[in-house]
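Hi,

Here is the structure I said I'd pass on. Have a look, and my notes follow below.

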Amino acid sequence: MAVRTVVVLASCGALAACSAVGLAPDAPLAIADSLSTTKMPPLPPLPASIVDAPITYNLASALRALERAVPQQFGNIDQRLAIPSSTRIHVAFHATRTPLVVAFDGRRITITTVVSYQGRGWYKAPLAPTLSSSCGTEGELPRVRLVLSADVNVTPAWTLISRTRVRSVTALTDTPRDQCLVTPFKVDVTDRVTQAVEGALRGKLAAVDRRISAFDVHTRVERWYNLLNRSLHVRDSVWLNLSPEGALIGDVSMRDSLLVLEMRLYVRPAFVYGKRPPPSFTPLPPFTRGQHQVGDSALLRLEGLLTYEDASAVLTKQLAGRKFRRFNRSVVVSDVRLYGIGDGRVVVNLRVTGDVNGNAYLVGTPRLDTLNRMLTVPDLDFDVGTSDALVQGVAWLRKADIVTELRRRATIPLGPPLEALRRAAESALDRELTRGVRLSGQIHTGRMIDVVAQTRWLVVRAEATGSMALRVDRALQTSAGAKKTRRSNTAPNKVPPA
């Protein structure tokens with residue numbers, strides 16, 4: 001009888017040991033938060049980023065205007081012109097030029113043409129009748145080389161300015177053909193003729209400068225500038241705003257028939273989540289002049305969004321099947337779910353089986369391990385509801401090193417969401433904004449700053465460097481053409497099209 005009693009008691013003890021205890025505490029209550037990053041802890045502002053924007057203006061039409069403005073023929077062989085250095089000599093000429101030959105050197109346009117001319121001279125000798133003679137009226141005409149130059153620049157008010165002048169008028173060669181030697185009084189009037197040619201042209205060059213300055217730089221650049229006010233779609237509900245706020249002009253040069261402005265635009269790139277922000281219009285500010293810096297010139301903050309579903313999958317992979325043992329009792333983690341409760345903390349919901357069946361909830365604040373680029377929860381611990389449930393019957397579970405182990409193992413790599421955002425943002429930067437205007441960029445992930453738990457996702461913030469460029473290759477318009485375009489393309493209260 002005593003042996004049977006011991007066996008029964010032992011069997012009941014074994015049965016009790018094998019009976020699983022249920023664990024069903026209430027889940028921690030979530031506190032609603034905003035999906036806006038305005039709820040994020042503030043960070044010091046970054047310096048403005050720079051968008052390299054070498055703008056190319058095709059001056060072919062301006063050069064055609066120059067060709068039209070400089071007359072092909074000038075002078076009158078029958079009109080006597082006084083020579084200031086000698087009251088006894090007068091000259092007359094008629095000249096014809098060849099087409100203009102244009103060369104570019106830095107900011108200067110050099111225009112060369114060969115002028116062939118007829119010359120006539122009158123000389124009033126003392127106490128003698130006036131003598132006259134001519135050159136080029138028969139046979140080969142004498143020639144001079146005419147060199148003009150136009151220095152082109154841009155004012156801070158975004159207008160083109162040009163100063164065109166005669167640089168030289170010289171005999172084409174030093175041979176007798178190109179010397180206008182008026183006989184019979186043996187006076188070489190070549191210099192007189194070249195001075196007269198120069199004087200005849202000088203009055204025409206102001207019209208050339210007016211033609212060049214009539215090209216509407218301001219309107220065009222303002223439209224290109226405001227292309228950067230358009231939100232760039234990165235992915236899902238993520239947008240990249242560049243927000244232009246200034247401009248710098250470096251070198252101004254001319255290559256072939258192109259005027260190149262080495263321009264840099266200052267922008268404040270930022271990510272926006274939710275609906276696409278409406279387009280805005282920013283008046284083009286006056287530019288400053290300066291030297292371009294070397295190296296990465298774009299600075300922005302990446303805000304990678306890690307969903308709790310993805311984070312839970314990582315933790316489940318790391319913890320599922322993990323056994324915790326204490327006092328001959330054990331539990332096995334079968335599933336892990338991570339979610340946010342809106343006050344910056346996260347909940348780790350463990351589904352356990354074994355001597356305890358049910359759910360355990362641990363709460364903690366995520367922290368950033370910058371060295372390993374990982375999310376950790378160093379203060380992770382059972383919440384109040386789970387602690388009360390453990391006291392009521394399964395207090396041994398608290399002593400099973402489960403909290404210590406979870407703090408060590410509950411880590412999530414943060415590189416992947418940032419890399420995904422970096423690739424998407426870089427792809428968003430590579431696009432044609434409008435015909436002839438292309439945006440491009442490279443982004444390099446830099447140091448991680450922090451990780452913030454919101455109810456919908458974990459936000460991982462990092463600073464990034466890189467470069468951005470705006471390539472513009474469009475022809476200029478005259479002011480009249482620009483006004484016509486604005487009248488036909490713009491409506492009240494709308495952003496002007498690019």
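There's an open sheet of 3 strands, in the order β12-β13-β16, with antiparallel pairing; strands here are DSSP runs of E of at least two residues, helices are runs of H or I of at least four residues, and both are numbered from the N terminus. Two strands count as paired if DSSP finds at least two bridges between them. The edges are β12 (232-235) and β16 (270-273), each of which pairs on one side only. On average, neighbouring strands of this sheet are turned by 35° against each other, direction ignored. β12 and β13 (residues 238-241) pair over 3 bridges in the antiparallel sense, and His 233 stands opposite Trp 239 in β13. Helix α8 (residues 415-429) lies across β12, β13 and β16, at about 150° to β12. For the angles, axes are lines fitted to C-alpha atoms (for helices over the stretch in contact), and values run from 0 to 180 degrees between N-to-C directions.

Before you read on: this is a predicted model, where local features need pLDDT of at least 70 and side-chain atom pairs count only at pLDDT 80 or more, while totals for chains, interfaces and linings use all residues. Residues are numbered from 1 along each chain as its sequence is written, and side-chain values use heavy atoms, with hydrogens and water left out.

The largest one holds about 270 Å³ of space, and of its 13 lining residues the closest to the centre are Leu 46, Arg 268, Pro 269, Ala 270 and Arg 301. β16 and β18 (298-307) are the elements that give two or more residues to that lining, with β18 giving the most, 4 residues. (A pocket is an open set of points on a 1 Å grid over the protein atoms alone, where a 1.4 Å probe fits, with protein on both sides within 12 Å along at least five of seven lines; lining residues have an atom within 4 Å of a point.)

On to the core, meaning buried Ala, Val, Leu, Ile, Met, Phe, Trp, Tyr and Cys residues joined through side-chain atoms within 4.5 Å. Buried is under 20% relative accessible area (1.4 Å probe, protein chains only). The largest nonpolar core has 122 residues, and Phe 271, Leu 350, Leu 458 and Leu 470 have the most contacts inside it. Strand β29 (residues 457-475) gives the most to this core, with 9 residues. Apart from it lies another core of 5 residues, including Tyr 339 and Tyr 361.

Lastly, helix α4 (residues 217-227) is mostly covered, with 10 of its 11 residues buried.

Cheers

Notes
Buried means under 20% relative accessible area, exposed over 50%, partly exposed in between (1.4 Å probe, protein chains only). Contact means heavy atoms within 4.5 Å. Grid points are joined across faces, edges and corners, and a volume is the space filled by probe spheres set on the points.
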